[in-house]
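Thanks for passing this one along. Here are my notes, written to be read with the model open beside you.

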Amino acid sequence: MIALSVRDLSLAIGRTNIVDAISFDVAPGEVLALVGESGCGKSVTAQAIMRLLPAAIRQTGGEITLGATSLSNLPARAMRDLRGRQIAMIFQEPQSALDPLATVGNQIAEALRQPLAKVRAEVRQMLVEVGISDPDRRIDQHPFELSGGMCQRVMIAIALIARPAVLIADEPTTALDVTIQAQILALLRRLAAERQTAVVLITHDMGVVADIADRVAVMYAGRVAETGPTAAVFATPAHPYTALLLASIPRLSDVPKSALAVIDGQVPQPADYGAGCRFAGRCPRADRRCVAETPALRPVADGRLVACFHPVGG
Amino acid sequence: MPELKSRLLQALIAIFGVLTIVFFIMRLSGDPTLLLVPDGATAEQIAALRHVLGFDRPLLVQYGAYLLDLARLDLGQSLVQHAPVAGIVAERIPYTMALAGGALLVALGVGLPAGLAMAVWRGTWLERALAGFVLAGQSLPTFWSGLLMILFFGVYLGWLPTSGSDDLASLVMPSVALGAITMSSFARMTRIAVLDELSRDYVAAGRARGLSYGAVILRHVLRNAAIPVVTIAALEVGNLLAGAVIVETVFAWPGIGQLAIQSIASRDFLVVQTIVLFVSMVYISMNLLADLAYGVIDPRIRRDR
């Protein structure tokens, strides 16, 4: 069963393609990490799924399906009814994603489309579920009275109270302390499993991916480079980009003060995308074919797909 | 509330400063004795009258006497009308209040929706049309737009009375003339404040939980945008009273603005000083009111107090 399916999604600013035919599926209760560097198109992919793209960005192709509903041609009104109920989202900066002048309880109740007075018990219960102590006091407080971690718990409460089938989490822990990060990830993991919510977790942090994701889709320059079960991708990365990315994570066993491993070169700008593999310019395994032709995603071992003519170990 | 106490003290100091400045500036223009004596009066007669009125005393002594009277809540006698100043000014105040109220109604009623619409429909023909309208309201001088309105609606169409203060109809044109500039300030301020809020994450987050764009604006954006607008609104009420001087003159509206002009011309010092005292008190209480309004709008400030 599939909760959310993205097929060949393409996005463009004007005539410049920024996301190029990406595809992925998420099953109920599963956490899929969409990982990549800044500018690789992961956040706009999230906005496209919510159909909340900035005016300058257009969807130029592809199909997004939520359960049995195709979102791409849904009337705006019907899409609005789905938001919060069938598909919800949490944001990078929890404190700025909450209205500073509205109480926590009122903002959670909005996701139920009911006045707080009517659903107070339900909202209170949700605060308990996201691990907020003293919910009777917190429910009437304003965001400035809460810590960043608590605000993110409130955002999760807003997102999950209507029991959506899909949750999009856009860098949900980037703005938080490391210790709080772990708590929030554990909370997301637990609630997704209990409620059978499909989670698309957007992040640039491989540590977060390893912590929480069942499967991972590695994005590079607007395309999916490699996708598969997290454990398999981490153990034997098939795409050269994934391999170099994992190799660049500093480890405690590294010689102190040794140079950090880096990937030479820079991510190409969308306007400079060529005909071939977008990683070819930085890839130690690239040849003439890589520059001329776009590699399609194809299956390799362990249920993985990789878009590379010369995969590592293959 | 210690906060309020210190604000009131500041207000008193500000009023005292304004009084002092006006007292000395009025005296720079000379004393009114010459305007009061009949033609052909001798130098001795003028000196005698000047002595009776007390204008031969050193300035500082006059200033001290004025402050003493004020402390006893005695605003003095008008030199020209030979009646208590308090009564002369008091009977004009309701007219100016009605005019300022009408102007504020025009300014808020047109300015806030115009500013909101310019922000929400940014980059459309509607924004450009409204921007032109706002620019016109802001740049047409009141005395000129007032005269134009009198010509068109009063003389040519005959819809509205050209002057006077007989009924509500006669309040319409002066209110529009006076409110135009304030309306433009409100519109520009509202536009900026709303645009600023529309770019915030909570707008996207509100939509992500299923609120329509309109609902996000009504439930979240407006209240956040109100904070800077309230500040401007308070200051603009002061500007309305200043603008009333011109509008009341153009439309022969019997308020304190008109009285101020007449009293300056006849060097009726005490009347001018009393009007300035009144206007500065209104100005300062509006600011105080704005400060209190913040607390109502913004819970962060409420807690700090």
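This is a predicted model: local features need pLDDT of at least 70, side-chain atom pairs count only at pLDDT 80 or more; totals for chains, interfaces and linings use all residues.

1. I'd start with helix α3 of chain A, residues 104-111. Seven of its eight residues are buried, so the helix is largely enclosed by the rest of the structure. The buried ones are V104(A), G105(A), Q107(A), I108(A), A109(A), E110(A) and A111(A).

2. What do those buried residues of α3(A) pack against? Within chain A, the partners are α4 (116-129), α5 (135-138) and α6 (148-160). Chain B joins in as well, through α10 (213-250). Following α3(A) you'll find R113(A), with a positive phi near 55°.

3. Now the largest pocket, with a volume of about 720 Å³. Its lining has 26 residues, and the closest to the centre are L52(A), L53(A), P54(A), A204(B) and R207(B). At least two lining residues each come from α1 (42-50) and α2 (76-82) of chain A and from α9 (201-208) of chain B. The largest share, four residues, belongs to α9(B). By type, the lining splits into twelve nonpolar, five polar and nine charged residues.

4. The second largest pocket comes in at about 440 Å³. Of its 21 lining residues, L53(B), F55(B), R57(B), L79(B) and L270(B) sit nearest the centre. In chain B, α1 (2-28), α3 (43-53), α4 (59-71) and α12 (269-297) each supply at least two lining residues, and α4(B) gives the most, with four.

Methods: Residues are numbered from 1 along each chain as its sequence is written. Chains are lettered from A and ligands numbered from 1 in the order in which they are written. Side-chain values use heavy atoms; hydrogens and water are left out. Buried means under 20% relative accessible area, exposed over 50%, partly exposed in between (1.4 Å probe, protein chains only). Contact means heavy atoms within 4.5 Å. On a 1 Å grid over the protein atoms alone, a cavity is a set of points where a 1.4 Å probe fits but cannot get out, and a pocket is an open set with protein on both sides within 12 Å along at least five of seven lines; lining residues have an atom within 4 Å of a point. Grid points are joined across faces, edges and corners, and a volume is the space filled by probe spheres set on the points. Ala, Val, Leu, Ile, Met, Phe, Trp, Tyr, Cys and Pro count as nonpolar, Asp, Glu, Lys and Arg as charged, and the others, Gly among them, as polar.
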